[in-house]
Amino acid sequence: MVEHTIELIDKSHHGDKAARDRLVEENLGLVWSIVKRFANRGHELEDLFQIGSIGLMKAIDKFDISFEVKFSTYAVPMIMGEIKRFLRDDGMIKMSRSIKENAYKIKSAEEKIRNKEGREPAIEEVEEATGLNKEEILMAMEACVEVDSIYRSVYSGDESEICLADKLANKRNENEDTINRLVLRSLLDDLEERERDLIILRYFQDKTQTETAQKLGISQVQVSRLEKRILLRMRGKLG
């Protein structure tokens, strides 16, 4: 079964849509098992299932077959994280129902374009896919922007959330520990050298913004602005 899944993932990563669809179909039961944990949260389970399915597809696309973990072990936090982000984001800002609906249309359209084309969608493509104009798209996107923090969840296990700033505990499930290191390593590797130094100084060496500014040879204001920009970009990559 493990070999079968790995084979399908490998084919999917090489553009085999049928393999990707089969992977999704074979793991829908996993999505439902997670969705049921979020019953009575004020949302239809069918809606949460759709959100969870997005997390499943992200897991398929991002899973590295060299990981020494089962695909389901990797997929669970991705699915759960997608649902939790939806519930959290949906409750953060009270906005009109129409803007919420537009934001959901935009998110779904962007996901489909990314999965099909393997790149970020152009706003014209989102217009065509949703039937919304640029002003409506920008308004919905602006309304849904949230202030990020290093202490927001970047990985969720079955029982607890793990933040980027969390120290790895001595007693932790080996699979979770492996995934944490992979997630952090991937995030840091994608940063430019100065950006990586900033994050390490601020969140792994517990330096203040002023101390970080002195180390990097820039102003405290620049550190503050750069830090926010980096965190938002890291958040976006986790999606």
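These are my notebook entries on a predicted model of one protein chain.

**Entry: ground rules**

I number residues from 1 along each chain as its sequence is written, and my side-chain values use heavy atoms, with hydrogens and water left out. Since I am reading a predicted model, local features need pLDDT of at least 70 and side-chain atom pairs count only at pLDDT 80 or more, while totals for chains, interfaces and linings use all residues.

**Entry: the whole chain**

I looked up the overall make-up and found 12 helices and 2 strands. Both kinds of element are DSSP runs numbered from the N terminus: helices are H or I with at least four residues, strands E with at least two. Along the sequence I read the pattern α-α-α-α-α-α-α-α-β-β-α-α-α-α.

Of the 239 residues, 41% count as buried (buried means under 20% relative accessible area, with a 1.4 Å probe and protein chains only). The chain exposes about 14,100 Å², and carbon and sulfur atoms supply 49% of that; the areas come from the Shrake-Rupley method with a 1.4 Å probe.

I also checked contacts (heavy atoms within 4.5 Å). Among those with a separation of 6 or more, 57% join residues 24 or more positions apart.

**Entry: Thr5**

Is Thr5 buried or exposed? I find Thr5 in helix H1, residues 2-13, and Thr5 is buried, because its relative accessible area is 13%. Leaving out residues up to four places away in sequence, Thr5 touches Leu23 and Phe71.

**Entry: H2 against H4**

Next I turned to H2 (residues 17-26) and H4 (residues 45-62), which pack at an angle of about 130° with their axes 10 Å apart. Axes are lines fitted to C-alpha atoms, for helices over the stretch in contact, and angles run from 0 to 180 degrees between N-to-C directions.

Which residues of H2 and H4 meet? I see Arg20, Leu23 and Val24 in H2 against Leu56, Met57, Ile60 and Asp61 in H4. By class, this contact has 5 nonpolar, no polar and 2 charged residues (Ala, Val, Leu, Ile, Met, Phe, Trp, Tyr, Cys and Pro are nonpolar; Asp, Glu, Lys and Arg charged; the others, Gly among them, polar).

**Entry: H10 against H11**

Last, I looked at H10 (residues 193-203) and H11 (residues 209-216), packed at about 145° with axes 10 Å apart. The crossing of H10 past H11 is right-handed.

Methods: Left-handed = near helix turned anticlockwise from the far one by under 90°. Buried < 20%, exposed > 50% of the residue type's maximum accessible area, 1.4 Å probe, protein only.
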